[in-house]
Amino acid sequence: MSEENFKKPQDMPEDDTELHAQHLLSKNGQTSEESDSGLGWVIVFASFFSHAMFFGINLSFGVIYVFLLEYFDMNRGDTAWIGSIPTGLLSMVAPVAGILTDKYDCRAVTISGAVIASSGFVISSFATSIDYLYISYGVLVGIGLGLMLLPSKVVVNQYMKKRRALANGICSSGSGAGTMAFSAMFRALRTSYGLSGMFLISGAVVLNAAVCGYLYRPKKQRQRALYPAPGGASELQSKDKVCCKISPIQGYTHLLHNIQYCLFILCNALSTIGIFVPFAHLPRRARDLQVPEHQVAWLLPMVGFASVPGRLFFGWIGDFSCVNIRVLWAWSNILCGLCVIVCPFLRSFPLLMGFAAIFGPLSGIWTGLKTVALVDVVGLENLSKALGLMMFLQGLSGFISSPLAGWLYDVTGTYAASFYTAGALCICGGIMVLSQMKLRNVCKQRGPDGVDVKFTVVSVVDPVKCDD
């Protein structure tokens, strides 16, 4: 063994440390399948369909909501809770899904989520009241969808490396396709088979997500912390030279000691509040401007249509070695913010359609590159827990976004303050990401014994039992 292998991580530049870690992973069988292989692309398209089902169900509740109002003849507030409960549960389930993905694998968690969500739809077909649907649809479907989404994001990043940004862009494009497909499917099933038949057949459709999950073949990796050992004893040892299990709570604690990660999820939470405002309030603002209802109906579909080329094109751009993913994602936050701030000055339908055509691709970049940027911050080994915690905070941000904008409207009597605030939060998030990268050297100094706080070398995922 050469003398270079005896160098401790703190004696190496950051790039050399990462290369050394990757060399050890490959040499000791950590990477069992070649990145960007044919199987990887199969998994990408399986994840695309999982995203289509998740977002198609979640974003098409407005169609089901109308049917429920007609069928049960209850007030709108009580009926709306049927769709709000899954939204809240999605954020609560995300950290648990991250732990389960680390403990088991993406395949098992996704299949479990598909079965639970499908069961929720089937049980909902027997509903006799909205109280029944609070449990069958709200709780069961919400938990199932929450377990489906996170593994579908993690597994793509495990299998894709050179084309990781493009792969994430393709997967996230499933949200637009799913929204259009499920909206049409719910209407057709309701017309042909009634509300009960719609739920029953939808349950069978959702169960197909288990097939997508089955394609998520686990990668066989040894989850042991890397530490180049002096004296030539062994190239793989635990950090303290003893093997110990790290509990999920300890794993999250380690992540929260990563300053860059904490800043990143804070930036994402702020941007989420801002970016969700146009989705919730753009149609209402258009109606305040006396835009006809049939024209208002085109605004949000235009955002969805325009987001797809943004996800795909900038996903392709993001895979070039000269492109810094975090910088690109930060600028998408800033440009989204500027776009939202300009919106109150647009007072006609053609101008609002222009806003939707520009905001769509920018929001597509924000969505499509977020997970790739997160991998750059915490490393692939910690993605499950890091993504789970980020989705938890994002869910809370999305939960308060629309009420905050509505409250500002009630206070001021205009949507101007709502959109200005939303845009400012997006810009603030983007600037924080750019500032975060400038603080990289400061963050490294916070790591104990010279270990980089990015967790590039020392993994915080649950390790397997050590070999004697």
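Q: How many salt bridges are there by this rule, and what makes a pair count as one?
A: The count is 3 salt bridges. To qualify, a side-chain nitrogen of Lys or Arg has to sit within 4 Å of a carboxyl oxygen of Asp or Glu. This is a predicted model, where local features need pLDDT of at least 70, side-chain atom pairs count only at pLDDT 80 or more, and totals for chains, interfaces and linings use all residues. Residues are numbered from 1 along each chain as its sequence is written, and side-chain values use heavy atoms, with hydrogens and water left out.

Q: Why is the contact between Arg-190 and Glu-70 called a salt bridge?
A: Their N to O distance is 3.5 Å, and the limit is within 4 Å, so the pair passes. Arg-190 belongs to helix H7 (residues 164–206) and Glu-70 to helix H3 (residues 61–72), so the bridge ties together parts 120 residues apart in sequence. Helices here are DSSP runs (H or I, at least four residues), numbered from the N terminus.

Q: Why is Glu-70 called exposed?
A: Exposed means over 50% relative accessible area, buried under 20%, partly exposed in between (1.4 Å probe, protein chains only). Glu-70 comes in at 53%, so it counts as exposed. Arg-190 has 22%, so partly exposed is the label there.

Q: What makes Lys-385 and Asp-102 a salt bridge?
A: The N to O distance is 2.8 Å, so it falls within 4 Å. Lys-385 lies in helix H16 (residues 383–412) and Asp-102 in helix H4 (residues 76–103), so parts 283 residues apart in sequence get tied together.

Q: Is Lys-385 buried or exposed, and how do you know?
A: Lys-385 has 2% relative accessibility, which is under 20%, so it's buried.

Notes:
Helices (H or I, at least four residues) and strands (E, at least two) are DSSP runs, numbered from the N terminus.
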